[in-house]
Amino acid sequence: MQSESPVRIADITPASDTESLSVTEAHNLIQDHVQPITETETASLKHALGRVLARDIVSPINVPAADNSAMDGYALRSADLDAASTSPTLTLAIAGHAHAGHPFTGRASAGSCVRIMTGAIIPEECDIVLPQELAHRTSDTQVVLPSKTVRPGLNIRRAGEDLAIGQIALRRGRLLTPADLGLMASLGFAEVPVMRTLRVAHFSTGDELRSAGQALESGSVYDSNRYTLHGMLTRAGVQPIDLGLVNDDPASIETALRHACTEADAVITSGGVSAGDADYTRQMMARLGDVAFWKIAMRPGSQLAFGMLDLKGKRTLLFGLPGNPVATMVAFYFFARPALHRLAGAHVPAPVTVRAISEVDIQKKSGRTEFQRGLLSRAPEGELRVRTTGAQGSGILSSMTEANAMIVLHHDRGSVSQGEWVDVLLFDGLT
């Protein structure tokens with residue numbers, strides 16, 4: 001459920017029909033009008049990967065719980081080193097052994113040491129661990145070590161140096177990673193509070209579309225967008241609800257939108273958001289909710305609908321994406337995906353770009369952001385280099401399968417000459 005917005009989304013439009021919003025303006029407007037869900041649930045650690053953490057995780061214990069050895073060697077007393085400061089070596093008696101889970105229970109008196117293994121608790125009297133390769137064991141009960149190469153605290157992991165009791169281990173809103181699961185397990189947590197999983201309905205519009213497996217008639221094409229959207233939604237950690245293909249007629253589209261609103265937290269459509277005569281999706285969106293239709297100064301994906309369906313008091317987030325396959329993917333990555341993260345209560349940092357040298361000339365007009373499919377590689381000299389996949393038409397879906405990165409050409413930039421530096425966004429984590 002969404003809280004009421006102070007300003008109607010439909011009223012947030014450029015000054016004129018010919019004016020376009022920048023990518024940054026559109027992104028910020030969307031983020032300002034998406035309010036996170038509040039419902040939470042509990043998940044076992046093994047089923048929490050990729051879920052959104054619902055509250056801060058505070059460490060109930062010290063990690064490590066006690067001072068312990070960082071390596072195999074000998075635990076000794078610095079006082080013995082001080083006593084032997086004029087001698088290059090020091091001979092100590094071996095008072096006993098300490099292993100992880102089996103601490104030394106005796107006492108390391110003056111002139112003695114303890115054979116210790118990695119992870120074992122440091123004996124109370126000791127404050128140094130000498131690596132075993134620096135010591136010379138002369139018998140089962142005696143060892144000789146250099147007196148000048150060690151210092152107090154050497155090779156000791158202090159209690160709480162990783163996490164102390166009461167310290168925040170993981171913050172609310174984090175998308176949980178495998179390392180996070182291991183960290184929580186190390187603190188003794190078998191379950192974790194998470195935000196409930198978003199349900200996102202999606203469908204494609206167009207009388208010319210056919211599902212994979214159906215026969216193609218003259219003038220018809222296979223629908224790819226439902227399958228890419230299903231994959232992108234799954235990768236984003238939400239539960240996709242595939243509503244199939246919807247015909248280009250007002251009644252069918254209205255029925256689909258109403259059904260989606262009752263079943264889901266968000267609805268994503270592809271196709272039908274331009275101003276064409278047969279684009280009834282646009283009309284139904286405006287009729288059933290508070291929706292803005294924007295021209296975005298970007299390529300591909302310049303047409304975008306964003307807003308809320310409002311049916312019987314239930315407000316459901318809505319994205320109307322363009323119909324061309326690459327434009328659908330780009331619009332999803334840069335607008336819908338971050339909005340869904342925010343809706344889910346996740347705090348996800350902006351994607352990190354890297355700098356690379358363009359291996360080709362790239363034609364581009366200033367005044368819009370362009371996302372060109374690219375192939376990123378590392379030259380023998382070490383620097384990153386990138387080239388486009390070739391033709392960049394928004395219907396060339398094969399270019400997305402060939403590419404491993406997106407070349408980001410910013411709003412104010414013009415054409416790129418071979419050898420110039422460009423920003424590149426890796427596909428890893430997106431596709």
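This is a predicted model: local features need pLDDT of at least 70, side-chain atom pairs count only at pLDDT 80 or more; totals for chains, interfaces and linings use all residues.
Two strands are taken to pair if DSSP finds at least two bridges between them.

At one end of the strand order, strand 7 is joined to strand 4 (residues 73-76) in the antiparallel sense, over four bridges. Within this pair, Tyr74 is placed opposite Leu130 of strand 7.

A packing of two helices was also examined. Two packed helices are described by the angle between their axes and the distance between the axes. For helix 1 (residues 23-32) and helix 7 (residues 325-343), the axes come within 10 Å and cross at roughly 25°. Angles under 35 degrees count as roughly parallel, and helix 1 and helix 7 are therefore roughly parallel to each other. The crossing of helix 1 past helix 7 is right-handed.

Helix 1 contributes Val23, Ala26, His27, Ile30 and Gln31 to the contact, while helix 7 contributes Phe334, Phe335, Pro338, Ala339 and Arg342. Sorted by class, the residues in the contact of helix 1 with helix 7 comprise seven nonpolar, two polar and one charged.

Note on methods:
Residues are numbered from 1 along each chain as its sequence is written. Side-chain values use heavy atoms; hydrogens and water are left out. Axes are lines fitted to C-alpha atoms, for helices over the stretch in contact, and angles run from 0 to 180 degrees between N-to-C directions. Helices (H or I, at least four residues) and strands (E, at least two) are DSSP runs, numbered from the N terminus. Angles under 35 degrees count as roughly parallel, over 145 as roughly antiparallel, 65 to 115 as roughly perpendicular and the rest as oblique. A crossing is left-handed if the near helix is turned anticlockwise from the far one by less than a right angle, and right-handed if clockwise. Contact means heavy atoms within 4.5 Å. Ala, Val, Leu, Ile, Met, Phe, Trp, Tyr, Cys and Pro count as nonpolar, Asp, Glu, Lys and Arg as charged, and the others, Gly among them, as polar.
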